[in-house]
Amino acid sequence: MRLKFAFLLLTFCVLMLSCTDKKPVSQAQGTSIEQKESTPVKRVDSVEVAKQKPLTYKILVPTAYRYCNPDTLINKNWVELYKDGKDYYVGKARYSIKIISDECGDGSAPKLSGKRNTILFVNQLPIRLGKVQAANIEISDTSYLVPGTTYSFTFLGKRYKLEAKAQGEDVFINYALLLNGERFFREVEAGGACFNFLFAGDLDGDSKLDLVLSAPTDYENLRIFMFLSSCAPPGLQIGKAAEIVDDFSC
């Protein structure tokens, strides 16, 4: 069973989903992330939309990896979402990678570290660098989305209600997250792991709510999701834009 799980992790280590109905947004005043084969843009609802293939996102978080190799993924063109005091910012990625011991794995593992209070590394984001708008919700390491709980908050004048629902106690069945009654995430089975917020605010520059969530399927599993409004399917508020999965079990 562990060999099968390890194979799946190796295969789907970095799951990247493309936005089907949105295009990457170019950035201004020397703060843009380098794009290849870019084409002229036109103004659409105050957002510059590049006329090229849909953007494919990659994400990483500061941690040690066993199956993913961050050194082959991240580079100087990536950006990072980080927190400074109570505010959130997007800036050029500042990071380091070193090899550490891994007693439960092959003996060593690459560890990706941020030089700030980094929440997320992203290959590119369609938003200007600098301060980003965040929802008025207190987020911490204990902001768990325990089934049966509800978070109410506002963002840019709009009220939101995030609900977590599931059956079971030691093992959650049909774990679902709903945003204003709309289900945007579902896990058939989660082994009692605690899901939690990492960020709620605007990451794609359209003044609509985006979310970054930690949603491990068990206590020794790493799984981070980035949901963007610009990647939402027709008629929905947000859609999954990227996912990173790894494992640190013994």
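Is Tyr-175 buried or exposed? I looked this up first: Tyr-175 is buried, at 0% relative accessibility. I use buried for under 20% relative accessible area, exposed for over 50% and partly exposed for in between, with a 1.4 Å probe and protein chains only.

**Basis of the entries**

I am working from a predicted model, in which local features need pLDDT of at least 70 and side-chain atom pairs count only at pLDDT 80 or more, while totals for chains, interfaces and linings use all residues. Residues are numbered from 1 along each chain as its sequence is written, and side-chain values use heavy atoms, with hydrogens and water left out.

**Overall content**

I noted one helix and 19 strands in the protein. These are DSSP runs numbered from the N terminus, helices being H or I of at least four residues and strands E of at least two. Of the 250 residues, 44% are buried. I then turned to contacts, meaning heavy atoms within 4.5 Å. Among contacts between residues at least 6 apart in sequence, 55% join residues at least 24 apart.

**Strand pairing**

I took two strands as paired if DSSP finds at least two bridges between them. An open sheet of five strands has the order β4-β10-β6-β7-β11, with antiparallel pairing. Its edge strands, β4 (59-60) and β11 (130-132), each pair on one side only. Within this sheet I followed β6 (residues 79-84) and β7 (residues 87-92), antiparallel strands joined by six bridges. Asp-84 has Asp-87 in β7 as its bridge partner.

I next examined β9 (residues 107-114), which pairs antiparallel with β5 (residues 63-64) over two bridges. Here Thr-63 stands opposite Leu-112. Strand β8 (residues 95-102) also pairs antiparallel with β9, over eight bridges, and Ser-96 stands opposite Ser-113. Four residues lie between β8 and β9 in the hairpin that they form.

Asp-102 belongs to β8. I found Asp-102 to be buried, at a relative accessible area of 12%. Beyond its neighbours within four places in sequence, Asp-102 contacts Arg-66, Gly-107, Ser-108 and Ala-109.

**Core and aromatic residues**

I looked up the largest nonpolar core and found 59 residues, with Leu-120, Phe-184 and Met-226 making the most contacts inside it. Strand β18 (residues 221-228) gives the most to this core, with six residues. A nonpolar core is a set of buried Ala, Val, Leu, Ile, Met, Phe, Trp, Tyr and Cys residues joined through side-chain atoms within 4.5 Å. Apart from neighbours within four places in sequence, the contacts of Phe-184 include Leu-162, Leu-213, Phe-227 and Ile-238.

I recorded 13 aromatic pairs. Rings of Phe, Tyr and Trp (its six-membered ring) pair if their centres lie within 6.5 Å; planes under 30 degrees apart are stacked, over 60 edge-to-face and the rest tilted. Phe-172 and Tyr-175 form a tilted pair, 6.1 Å centre to centre with 50° between the planes. Phe-172 counts as buried at 12% relative accessibility. The ring centres of Phe-185 and Phe-227 are 6.4 Å apart with planes at 90°, so this pair is edge-to-face. Phe-185 in β15 (residues 182-190) and Phe-227 in β18 are 42 residues apart.
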